[in-house]
Amino acid sequence: DTDWPDAGCKNEGPLPNGRPTFASELACCKGAYAGQMSGKCLSQLPAPPTTSPTTEGNLLAVWYPDYDTDWPDAGCKNEGPLPNGRPTFASELACCKGAYAGQMSGKCLSQLPAPPTTSPTTEGNLLAVWYPD
């Protein structure tokens, strides 16, 4: 509903009919506003990208599967240096879904800052997905 240069992504209900949905605000910005020259959508992220990204404690800007740990106990890491040949993911969740989708123990997902539950809840009519405004 907002003009392209000023638009961003929302997760306020109700979801408008026909809008695509994304798992995160970042995924929404990348999927719906990839060519947005103003950068408005990305600027609204809780931690917007900068031209000079910095990390603390040798942490990488990507996540990779921990193939050095047994499958049932493994998760994803963002500690540098990145091992050669490892796939990389934009988020820990994307890494868990991409590298440990069949993990019955759920160890990877359990290490997320806000692990999924069997009874998700929302506050203030917020949806579990993001959509372009």
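## Aromatic pairs

Two aromatic pairs are found in a search of the whole structure. Rings of Phe, Tyr and Trp (for Trp, its six-membered ring) pair if their centres lie within 6.5 Å, and planes under 30 degrees apart count as stacked, over 60 as edge-to-face and the rest as tilted. The ring centres of Trp4 and Tyr33 are 5.1 Å apart with the planes at 50°, so this pair is tilted. Helices (H or I, at least four residues) and strands (E, at least two) are DSSP runs, numbered from the N terminus. Trp4 is partly exposed, at a relative accessible area of 41%, whereas Tyr33 is buried at 8%. In these terms, buried means under 20% relative accessible area, exposed over 50%, and partly exposed in between (1.4 Å probe, protein chains only).

The rings of Trp71 and Tyr100 have their centres 5.1 Å apart and their planes at 45°, so this pair is also tilted. Here Trp71 belongs to the loop between strand S2 (59–65) and strand S3 (76–79), and Tyr100 to the loop between helix H3 (92–99) and helix H4 (107–110); the pair links distant parts of the chain, 29 residues apart. Trp71 is partly exposed, with a relative accessible area of 44%, and Tyr100 is buried, with a relative accessible area of 6%.

## Basis of the values

The model is predicted: local features need pLDDT of at least 70 and side-chain atom pairs count only at pLDDT 80 or more, while totals for chains, interfaces and linings use all residues. Residues are numbered from 1 along each chain as its sequence is written, and side-chain values use heavy atoms, with hydrogens and water left out.

## Disulfides

The structure holds four disulfides, a disulfide being a pair of cysteine sulfur atoms within 2.5 Å. With the bonded cysteines of the protein numbered in sequence order, the pairing is 1-2, 3-4, 5-6, 7-8. Among the four is the link of Cys9 and Cys28, whose sulfur atoms are 2.0 Å apart. This link is left-handed, with -85° about the S-S bond. Because Cys9 lies in strand S1 and Cys28 in helix H1, the pair ties together parts that are 19 residues apart in sequence. Cys9 and Cys28 are buried.

Cys29 and Cys41 form another disulfide, with 2.0 Å between their sulfur atoms. The angle about the S-S bond is -80°, and the link of Cys29 and Cys41 is left-handed. Cys29 lies in helix H1 and Cys41 in helix H2, so parts that are twelve residues apart in sequence are tied together. Both of these cysteines, Cys29 and Cys41, are buried. A further disulfide joins Cys76 to Cys95, the sulfur atoms being 2.1 Å apart. The link of Cys76 and Cys95 is left-handed, at -85° about the S-S bond. Since Cys76 lies in strand S3 and Cys95 in helix H3, this pair ties together parts that are 19 residues apart in sequence. Cys76 is buried, with a relative accessible area of 8%, and Cys95 is buried, with a relative accessible area of 0%.

## Salt bridge

One salt bridge is present in the structure. The term denotes a side-chain nitrogen of Lys or Arg within 4 Å of a carboxyl oxygen of Asp or Glu. The partners are the side chains of Arg86 and Asp68, which meet at 3.4 Å, N to O. Arg86 is in the loop between S3 and H3 and Asp68 in the loop between S2 and S3, so that the pair links distant parts of the chain, 18 residues apart. Arg86 counts as buried at 16% relative accessibility, whereas Asp68 is exposed, with a relative accessible area of 68%.

## Cis peptide bonds

The peptide bond from Gly13 to Pro14 is cis, with omega near -5°. Pro14 is located in the loop between S1 and H1. Gly80 and Pro81 are likewise joined by a cis peptide bond, for which omega is about -5°. Pro81 lies in the loop between S3 and H3.
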